[in-house]
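Subject: Structure handover

Hello,

I am passing a structure on to you, with notes on what turned up in it. Please open it alongside this message and follow the residues as they are named.

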Amino acid sequence: MSRVLQNDAEPEPQMRAEIQDMKQEFSMVNKMNEFARYASLEWKINRMVDQLKTYVKARTAQLAKIKWFLSVAFYTLQATLMMSLIWKYYSAPVTVVLRKWITPLDHLVAFPARIAGGVGITSWIFVWNKLWQPLVLYTFSQTER
């Protein structure tokens, strides 16, 4: 995938180099003595900058579409996995803890298994998604920097 994106990004450095060359040539032209050449170079530079901006916008839009598609695919896969886990382990607790640890919420935590002191799959998934998953993602994002 990175090759596809890199192949699309190859004209950009070339365009930037051409703009720099034209700007260097532009800075050497005397505005009073060579007005026609000065105006022509200015027009070419502006046109090339506009082309570069258009190219960058198109590439950015393409990357945003790819990122959106991957995000939707990931969340769909995650939701499918969660639903299948709930379906498969509906009546069995993930783990059993002392009932006094979860006393005020024991019936809610045991749902759907309804075993005293048990932690149901839905509670387990909820705790994972709300507490542990963000912590794990934060930890990995800090190690990449």
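Two aromatic pairs turn up when the whole structure is searched. One of them joins F74 and Y75, whose ring centres are 5.4 Å apart and whose planes stand at 65°; planes over 60 degrees apart count as edge-to-face, so this pair does too. Keep in mind that the model is predicted. A pair of aromatic rings is described by the distance of the centres and the angle of the planes, and both values are given above for F74 and Y75.

The two partners fall into separate accessibility classes. F74 has a relative accessibility of 45% and is therefore partly exposed. Y75 reaches 52%, which puts Y75 among the exposed residues, because the class begins over 50%.

Next, helix α3. Is Q78 buried or exposed? With a relative accessibility of 14%, Q78 counts as buried, since the cut-off is under 20%. Leaving out residues up to four places away in sequence, Q78 touches N129 and Q133. W87, by contrast, is exposed, at a relative accessible area of 76%. Between the C-alpha atoms of W87 and I121 there are 9.3 Å in space, and the two residues are 34 apart in sequence.

Helix α3 also meets another helix. Two packed helices are described by the angle between their axes and the distance between the axes. Helix α2 spans residues 11-28 and helix α3 spans residues 35-88; their axes come within 10 Å and cross at roughly 160°. That angle makes α2 roughly antiparallel to α3, because angles over 145 degrees are classed that way. The crossing of α2 past α3 is left-handed. What classes of residue form the contact of α2 with α3? There are 13 nonpolar, nine charged and one polar.

Last, Y90, which sits in the loop between α3 and β1 (95-96). Its relative accessible area is 43%, so Y90 is partly exposed. Which residues does Y90 touch, if those up to four places away in sequence are not counted? They are P112 and A113. For Y90 and P112, the C-alpha atoms are separated by 6.1 Å, although the two residues are 22 apart along the chain.

Regards

Terms used: Residues numbered from 1 in each chain as written. Predicted model: local features only at pLDDT ≥ 70, side-chain atom pairs only at ≥ 80, totals over all residues. Heavy atoms only, no water. Axes fitted to C-alpha atoms, helices over the stretch in contact; angles between N-to-C directions. Helix = DSSP H or I, 4+ residues; strand = E, 2+ residues; numbered from the N terminus. Parallel < 35°, antiparallel > 145°, perpendicular 65-115°, else oblique. Left-handed = near helix turned anticlockwise from the far one by under 90°. Nonpolar A, V, L, I, M, F, W, Y, C, P; charged D, E, K, R; others polar. Buried < 20%, exposed > 50% of the residue type's maximum accessible area, 1.4 Å probe, protein only. Contact = heavy atoms within 4.5 Å. Phe/Tyr/Trp six-rings, centres within 6.5 Å; stacked < 30°, edge-to-face > 60°.
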